[in-house]
Amino acid sequence: MFKKRAIIIPILISIAMILSGSVAFADADAGSSAYVRAEQLNLLGLLKGVGRGDYDMLREPTRAESVVMVLRLLGKEKEALQQPASHPFSDVPEWATRHIAYAYGNGLVKGVSARQFDAGSPVNSEQYITFLLRALRYSDGDDFAYGDSKILASKIGLLKGWIDKGAFLRSDMILLSYNAMCASLKDENVTLAEHLIKTEVCTDAQWRAALSLDSDAGILGPGYEWKSTVSITLASPDEFFNSLKNALETLPDEVLIYVPPWKEEEYLNHISAIYAHLMGYSNGYRVVDYPGSGKISMIPTYSESFKSLAYLQNPTIPVSDETKALAMRGLDIYMDKFSHENSEYGLVKSIHDYIADYLVYDMSGMPGTMDFDGALNTGTATCGGYSAMFQFFAGISGLECKTVFGFGVNAAGKSANHAWNMVKVDGNWYNIDVTWDDPVTNTGENIIKYDYFLISDDELSKGHTWDRKYYPEAPYSWN
């Protein structure tokens, strides 16, 4: 079973190595892991999850939720709950009315009008950063203008490790909130964390325990957040692919799919049609449907490449000891072979060449060679193992990468199931087929080719076919 913060020392040591072996184009700042920052805030009693390490990080926070978060950062939640719920707004939910009354009365927040707070609307980054600056005792008008709050926030370290991707999610709120803990109060040589310790909102021991997790925050990306069950509701089959992909990214034990009643069989057929394009995450599933109920239960089986990468980005997710060992072995290879590269192109080429040199194509179809574990442990693989290994090393390196499932056409004109990858280099997507760049020779000679290295869709389509609507476009070959 899942145990919160069950992190063993070797993992912390190995993950900390990422910080010293950073790739130039990737942000290796400790602030890059929202999951670890959530755990740190939780240790301080400032952030509450919804159970078993779930912080609902993929959802947009509301204005009401952001006020509650800011009051906790100020150590004022208890005081707020003891105050009268007096404010002029008519749209504040009961659970947040005392928080908003306190924040409004103390000048931390304002309404969108005289009578409306807009409590249930998503908060944007500008609004939340403004809330945090006020919490750090900076004043609108005197210290910053609302539209320029990010300028001041950047100067005082509030935006450290944060990338503005447009949509503002709870993961962004968590990262910025942790940064606020490390920022100094206006005109004082005291950080917010030190202030909270002094005012006994949290203890020095809690803060030291939170800081001890910093080495875990070195893995690139926001980290994977495990959920026991994820529910998705679909109005048409067209929504299925992206909804299911997003659900699988949270590694649930079960996906509950709600569809129009008596349409269960139609949607089950659609699962069969699209699932091959999701095998970079999950390579199998079983389903139980309830005719007429509009409910389908899916139990996915995750690929070892995805589980291993997910474990490195969040060591609290429940995986087997074998997956942990596989992940750490992969991390050691990354540090030894690829961490020195200082360009995306150089990194992709190094991964391509390493895989082509390390693996031998398995003509016998040995069990397990379609996934990362079989490929890494045996040195032999079919196309699935080649692409899974590329997906793992690209993922741990911070590259955007996808595994493509389609068909390959051989010299005799026969088509067979095939897998390869797409990778983004310097802002553009390219196709890469390491399997076909590692040809089987009669002499056993190890030859590495580049015929399928960073090529366009048009070039690849001479020997490959795939359903392009599930994958990004790659209009150019690398020059």
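## Contact between helices α3 and α6

In this predicted model, R63, S66, V67, M69, V70, L73 and L74 of helix α3 meet Q127, Y128, F131, L132 and A135 of helix α6, where contact means heavy atoms within 4.5 Å. By class, this contact has 9 nonpolar, 2 polar and 1 charged residues; Ala, Val, Leu, Ile, Met, Phe, Trp, Tyr, Cys and Pro count as nonpolar, Asp, Glu, Lys and Arg as charged, and the others, Gly among them, as polar.

The axes of α3 (residues 63-74) and α6 (residues 125-135) come within 10 Å and cross at roughly 25°, which makes α3 roughly parallel to α6, a term for angles under 35 degrees. Axes here are lines fitted to C-alpha atoms, for helices over the stretch in contact, with angles from 0 to 180 degrees between N-to-C directions. The crossing of α3 past α6 is right-handed, meaning that the near helix is turned clockwise from the far one by less than a right angle.

## Basis of the description

Residues are numbered from 1 along each chain as its sequence is written, and side-chain values use heavy atoms, with hydrogens and water left out. Because the model is predicted, local features need pLDDT of at least 70 and side-chain atom pairs count only at pLDDT 80 or more, while totals for chains, interfaces and linings use all residues. Helices (H or I, at least four residues) and strands (E, at least two) are DSSP runs, numbered from the N terminus.

Among the buried residues of α13 are F306, L309, Y311 and L312.

## Salt bridges

The count comes to 18 salt bridges, each a side-chain nitrogen of Lys or Arg within 4 Å of a carboxyl oxygen of Asp or Glu. In one of them E65 pairs with R59, the closest N and O atoms being 3.0 Å apart; E65 counts as buried at 19% relative accessibility, whereas R59 is partly exposed at 30%.

D353 and K349 form a salt bridge at 2.8 Å, N to O, and, being 4 residues apart in helix α15 (residues 344-358), they are separated by about one helical turn. K424 and E400 also meet in a salt bridge, at 3.4 Å from N to O. This pair links distant parts of the chain, with K424 in strand β8 (residues 415-425) and E400 in the loop between α17 (383-396) and β7 (401-409), 24 residues apart.

Conventions
Buried means under 20% relative accessible area, exposed over 50%, partly exposed in between (1.4 Å probe, protein chains only). Angles under 35 degrees count as roughly parallel, over 145 as roughly antiparallel, 65 to 115 as roughly perpendicular and the rest as oblique.
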